[in-house]
Amino acid sequence: MRAPVRTLAFAVVLALCGVTTALADPPTLPWQQPQQPTIAGVPLPAPDKPADGSATPAPPAPAQVHSTTKEDTFFAIKVIAGLVGLVVLAYLGGHRRVVRFQEQLGIGGVITAGFPFVALGALAATDTIGVLTPSVLDQLRPVLHFGLGWLGFIIGAQLDIRVLDRVPKGTAYLILVEALGPFAITAAGCGAVMIAFNEAGMSFGDAALWRDLVLLGTAAAMTAPRKFRGFANRTWHEGRGVDVLLSQLDEIVGVIGLVFITAYFRDDAATNWQLPDTAWIFISLGLGVAIGVLIFAMVRVPVSNAEFLAVVLGGIAFASGLAGYLRLSPIAICFIAGVLVTNFPNEQRESIFRILHHLERPVHLLFLIIAGAVWDVADWRGWLLVPLFVAGRIIGKWTGVLASKTAVGALLPASFADQRQLVTPLSGLSIALVISVESLYHDNGIPWIVTAVIGGSIATELLVSRKGDEAAVPAPMDELERSAPIDELDDLGSDGVEHDGPIYRDDEAGPT
Amino acid sequence: MIPLMLLLAVGGLMQAARSFTADTSIAGTELAFGYLLLSAYFTAKIFNRLGFPKLTGYLFSGVISGPFVLGLVTKDMGHSLDVVKDTATAIIALEAGSELKLAKIKPVMKTLRAMTVFAVIGAMFAIGGTLFLMRPLLPGIFNGFDTTQSLAICGAIGVALSAQSPAVVMALLAEMRAEGPLSSVVLASVVVADLTVITVFSIALALTGAVIGGNIDVVETALHVGWELIGSMVFGLLIGALMGQFLKTVKKGASLFGLLICVVVAEIGARMSLDPLIVLLTTGIWLRNWSRADSSELFRNFESAQLPVFLVFFALAGAKLDIYTLWAYLLPVGIIAVVRAGSFYVGAKFATKITGAEEVVQKYAWFGLVPQAGLALALALVLRTTFAGSFGDGAAVILLGVVGFNESVAPPILRRILIKTGEAGKKQGVDFAAGGH
């Protein structure tokens, strides 16, 4: 079986873990009338009393082994069929031909960023369609955690730390100010509005407000390359645009933000570990490193593709599970693990990447569907933040670009500072970041943030598309002429053969 | 050495995480999935080096990690992974069906029929009779029931105890890459026996309920049994035709399509009172024997992708094994396990002899009926929940004990038999368990 199918199979199975559990306790509908339970199709008799009138207590009414009602069955079939439909759509959405068709229509940017799948999730969660109901969604959390872990791992795995040795002097400053600008301005602007319009009595002394501001700022700070091609196509190497490199480095900011949020905004009252908040930063780092070393050692054991698949899937599921269980972010933990696994000398890197690449698109799209389902579109307060979020990013970016050009512009090669764009797409990780935090906290502020980031992301993508139509910016090529070649891990499979199944990387032609 | 160290590391991390909180509702499912997958994989590696089948390693890993030993995987976590079990059963059924090449089985059809009658149905009577005689040893089951009721109870438990395990047999045949007359007869006989057990159990359960509860609707029972069997077969044929059409026309993505079919049938089938096992068994038989589509590629691809699901499936089966109960009921469990194996031995020997089966089949085919796992566990659960507060709990204890005993003892012996007969390693192709190419 081709790897995408294997890996997607795993996603389906994990998804249905949740669904089955959800269906075990479907919502009780007012018109539901219990029917006689059956076992293997046989109606169970209802024993009244022992036939011989002995002292033996009468067996209680049979447990409802298959105690289904017609509505239950219909509900189950609808949910399962709906989910299967979503899986198929996610698969088709990543198909090479579909992506090419989108490109021809000129809507590739918005589509490949996955927003139709967010909309699909939002639709599936409506009362009318009722596929992704709150109980189903609640039970789909394992998929969400796994998906977040997968994305974290894939992002981390593509960070070739040898690149950091070769970036020009001043790059760190540029990244810092270009991240800090949008972070500060977005957080300040949105924070003021949240205080002004809040209905839950939020104040500046409220830890949840600060968490939300850090989250918004972090989400705003991250940028994506001008054309988002999915998470599995981010490894920067000579010949690719600088925006790819800078966005990859930007994402480290997101991971740091997540580690910070999950360490300092915790509710551990009901848990057995009572630790100072800062200790959780070290736990996050330590767990990521431990998992990374473990996966690094584990991938050396398998003797076949099937075993290799089992170990990689198991490793990431285990890492995501550990992170979620400890109320940490699967993205951050798996990111650290991913960095370690692929940056250690490792003969299995190509095999790991092959598996990661193949599942990336379906996992990403399924994750977007769930993101859409948990998104409360009707919450007007979140929409209020959208223009501020978008404007805050642009102004912040402008400030950052200006500052970096003034301070380090002379040090940097062309395109590092002087060709920076003010309207840059929001990183796909931003939505993952917000959904990751949403799965950990359930207070009033979170729906605002979800709407602000998803809405802001869509608005930004539309702006970028418009801007791209008006004036195509020539993509800068390799600016690190004298640097040594590095492995082109993301060129796996670029053999010129048209492969079946989802497309995971489609810009072999060069920078975009 | 490395698998052992990795196993300890994974176990250590799991133990550390579980000490954080007892609440498994957040992230417990994926944690259990990842942990069981890895621990089963590395335990199997260790067991394999010691000469045991990998399957035993999967099961052992589940037992040790499960709620009855280390408690790393709780009952709730196991419950949340039930869909893995259902899907694995569906995949096994599809593959088992695809292994049944009727042209090859036709010559041994007489043997299969005879084995079903003398070994499987014979075992039901033998086990039921033994239970009836052991009533004084099992007060938790028979106290307060008169002779007629006790007979009905013995019948229901006897039928459930005679269940086989196509999953274990399939997994072992795949792991050993076994092919030959013995492998064919063993696989076909467990599949046919399973169908027989499912049918008879449905009837026995209704009768037992009627005898204890005092009423029975014969017509409705017959209709339901008929729907389950015939309906499942018809659905299986329809799905087979659908898959065949897909293979002929769409071709690409057939494995994903097949997997989705398995998931949907596993989850929806039971809700429609269909038996997913029968549905997909029929589908597999159709695709292999009558469909014009070439399904060999589909099944070959399927095999290589199922390892993660099977690792978790068997580890979960192990996790559900209550070793304390097994210990407490060791004597009756031991007696019943011996009687069960003995009746298979006598029945199968007789059946294979009178039908003139090959010598290797005459000698060893009986043992293929001994392993137990998924179906027997499911039937134990059905008895326990159906007759909770009555004999259900006691019956489940005995059933789980016997299943646990056979689950632990049978795979290594069957493995040795496959090696001894020279059928191991004869099959070409991908092996999900050994992971060969």
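I began with B:A27, which lies in the loop between helix 1 (2-18) and helix 2 of chain B. The model I am reading is predicted. I looked up the backbone of B:A27 and found phi near 70 degrees, a positive value in a residue other than glycine. I noted for comparison that most residues other than glycine have a negative phi.

A:R327 is not a glycine, yet its phi is positive, about 60 degrees. I located A:R327 in the loop between helix 13 (305-325) and helix 14 (330-343) of chain A. With 20 other C-beta atoms within 10 Å, A:R327 is buried.

I next examined chain B as a whole. I recorded 21 helices and zero strands in its secondary structure. The C-alpha trace of chain B spans about 60 × 55 × 45 Å along its principal axes. Of the 437 residues in chain B, 64% are buried. I also looked at contacts in chain B with a separation of 6 or more, and 83% of them are accounted for by residues 24 or more positions apart.

I then consulted the domain assignment of chain B, which gives domain 1 (2-80) and domain 2 (82-313 + 322-420). The centres of these two domains of chain B, taken over C-alpha atoms, are separated by 26 Å. Domain 1 of chain B gives 16 residues to the contact, and domain 2 of chain B gives 16 residues. Which elements give two or more residues to the side of domain 1 that touches domain 2 in chain B? I found helix 2 (28-49) and helix 3 (54-65) of chain B. Helix 3 of chain B supplies the largest share of that side, six residues. I sorted the residues of this side of domain 1 of chain B into 13 nonpolar, two polar and one charged.

Ten of its eleven residues are buried, so helix 17 of chain A is largely enclosed by the rest of the structure. I listed the buried residues of this helix as A:G428, A:L429, A:S430, A:I431, A:A432, A:L433, A:V434, A:I435, A:S436 and A:V437.

How values were computed: Residues numbered from 1 in each chain as written. Chains lettered and ligands numbered in written order. Predicted model: local features only at pLDDT ≥ 70, side-chain atom pairs only at ≥ 80, totals over all residues. Buried ≥ 20, exposed ≤ 12 C-beta atoms within 10 Å, placed from the backbone. Helix = DSSP H or I, 4+ residues; strand = E, 2+ residues; numbered from the N terminus. Domains from an automatic or database assignment. Contact = placed C-beta atoms within 7 Å. Nonpolar A, V, L, I, M, F, W, Y, C, P; charged D, E, K, R; others polar.
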